[in-house]
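Hello,

Here is the structure I promised to pass on. My notes follow below it.

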Amino acid sequence: MEKKKYIGTYKVFKLYRKSQRREILARNLSLEEAQNMCQSFLDSNTSMVCFEKQFTAKKYFVDE
């Protein structure tokens with residue numbers, strides 16, 4: 001099975017721990033921008049800031 005590389009953008013969101021509600025903070029970020037934005041926020045007892053791939057379509061994955 002070939003390994004695929006993601007070439008799309010990322011989104012950053014705030015995840016509320018109790019309700020699992022997501023609040024989008026930013027879209028269309030590079031991997032480095034998303035990581036830096038997540039690290040700039042402190043986790044609390046009520047929420048945390050995370051990032052994930054913005055798209056899941058096959059055209060955003062290429063063979064390595």
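Which side chain does D63 meet in a salt bridge? The partner is K4, with 2.6 Å from N to O; a salt bridge here is a side-chain nitrogen of Lys or Arg within 4 Å of a carboxyl oxygen of Asp or Glu. D63 lies in strand β5 (residues 61-63) and K4 in strand β1 (residues 4-6), so the pair ties together parts that are 59 residues apart in sequence. Helices (H or I, at least four residues) and strands (E, at least two) are DSSP runs, numbered from the N terminus. D63 counts as partly exposed at 45% relative accessibility, and K4 does too, at 47%. For these classes, buried is under 20% relative accessible area, exposed is over 50%, and partly exposed lies in between (1.4 Å probe, protein chains only).

Before the rest, the basis: this is a predicted model, in which local features need pLDDT of at least 70 and side-chain atom pairs count only at pLDDT 80 or more, while totals for chains, interfaces and linings use all residues. Residues are numbered from 1 along each chain as its sequence is written, and side-chain values use heavy atoms, with hydrogens and water left out.

Salt bridges

The structure holds four salt bridges. A network of them links K11, R22 and E52. Within it, the closest N and O atoms of K11 and E52 are 3.4 Å apart. This pair links distant parts of the chain, with K11 in strand β2 and E52 in strand β4 (residues 47-53), 41 residues apart. E52 also forms a salt bridge with R22, where the closest N and O atoms are 2.9 Å apart. E52 lies in strand β4 and R22 in strand β3, so this pair ties together parts that are 30 residues apart in sequence. K11 is buried, with a relative accessible area of 18%. E52 is partly exposed at 26%, and R22 is partly exposed at 46%.

Nonpolar core

The largest nonpolar core has eight residues: Y6, Y10, V12, A26, L29, A34, C38 and V49. Such a core is a set of buried Ala, Val, Leu, Ile, Met, Phe, Trp, Tyr and Cys residues joined through side-chain atoms within 4.5 Å. At least two residues of this core come from each of β2 (10-16), β3 (22-29) and α1 (31-39).

V12 is one of the core residues. Leaving aside neighbours within four places in sequence, V12 is in contact (heavy atoms within 4.5 Å) with E23, I24, L25, A26, L29, A34, M37, C38, V49, C50 and F51.

Regards
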